[in-house]
Amino acid sequence: MSPPKALVIWQVNWYPPLQGWVKCNTDESAKGCPGRAGCGGIFRSHEADFVGGLYVLIVCQLLFYVEIMVKNSN
């Protein structure tokens, strides 16, 4: 059995920060409501070099809570 085809494909572009700056991109996900959740991020230089990363596992939370945690950590 083959996996289902994507309904919509969106192109996502990454734009580097100004020279001398570091950019942090974050995202979050939750399974169930409430359920397991997590968030993470990646730090890149103006040349797109990997500077660092992070992830946090959040147990039994609502997606709204995870959204707030990630938005407040930026």
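This is a short tour of a predicted model, with one selection per stop.

**Whole chain**

Start with the whole chain in a cartoon view. The secondary structure amounts to 1 helix and 3 strands. Followed along the sequence, these elements come in the pattern β-β-β-α. The chain has 74 residues, and 16% of them count as buried.

Among contacts with a separation of 6 or more, 37% are between residues 24 or more positions apart.

**Before strand E1**

Select Leu-7, Val-8, Trp-10 and Val-12. These residues make a nonpolar surface patch of about 600 Å². Val-8 belongs to the segment before strand E1, which covers 22–32. Is Val-8 buried or exposed? Its relative accessible area is 56%, so Val-8 is exposed, the cut-off being over 50%.

**Strand E1**

Go on to Asp-27, which is in strand E1. Asp-27 has a relative accessible area of 53% and is therefore exposed. Asp-27 and Gly-38 are 11 residues apart in sequence, and their C-alpha atoms are 8.7 Å apart in space.

**Strand E2**

Select Cys-39, a residue of strand E2. Cys-39 is buried because its relative accessible area is 16%, and the limit for buried is under 20%.

Next, show the side chains of Arg-44 and Trp-14. Arg-44 lies over the face of Trp-14, 5.5 Å from the ring centre. What does a search for aromatic pairs find in the whole structure? The search finds 0 aromatic pairs.

Move to Ser-45, in strand E2, which runs over residues 35–45. Ser-45 has 13% relative accessibility, so Ser-45 counts as buried. Which residues is Ser-45 in contact with, leaving aside neighbours within four places in sequence? They are Trp-14, Pro-17, Trp-21 and Val-51. Select these together with Ser-45 to see the group.

**The loop between E2 and E3**

Select Ala-48, found in the loop between E2 and E3. Ala-48 has a positive phi of about 70 degrees, although Ala-48 is not a glycine. Its relative accessibility is 33%, so Ala-48 counts as partly exposed.

**Strand E3**

The last stop is Val-51, in strand E3, which spans residues 50–61. Val-51 is exposed, because its relative accessible area is 51%. With residues up to four places away in sequence not counted, Val-51 touches Phe-43, Arg-44 and Ser-45.

Finally, draw a distance from Val-51 to Cys-24. The two residues are 27 residues apart along the chain, and 9.5 Å separates their C-alpha atoms.

Definitions and conventions: Residues numbered from 1 in each chain as written. Predicted model: local features only at pLDDT ≥ 70, side-chain atom pairs only at ≥ 80, totals over all residues. Heavy atoms only, no water. Helix = DSSP H or I, 4+ residues; strand = E, 2+ residues; numbered from the N terminus. Buried < 20%, exposed > 50% of the residue type's maximum accessible area, 1.4 Å probe, protein only. Contact = heavy atoms within 4.5 Å. Patch = residues over 30% accessible without salt bridge, like charges linked within 9 Å, V, L, I, M, F, W, Y side chains within 5 Å. Areas by Shrake-Rupley, 256 points an atom, 1.4 Å probe, with all protein chains shown as cover. Salt bridge = Lys/Arg side-chain N within 4 Å of Asp/Glu carboxyl O. Phe/Tyr/Trp six-rings, centres within 6.5 Å; stacked < 30°, edge-to-face > 60°. Lys NZ or Arg CZ within 6 Å of the ring centre and 35° of its normal.
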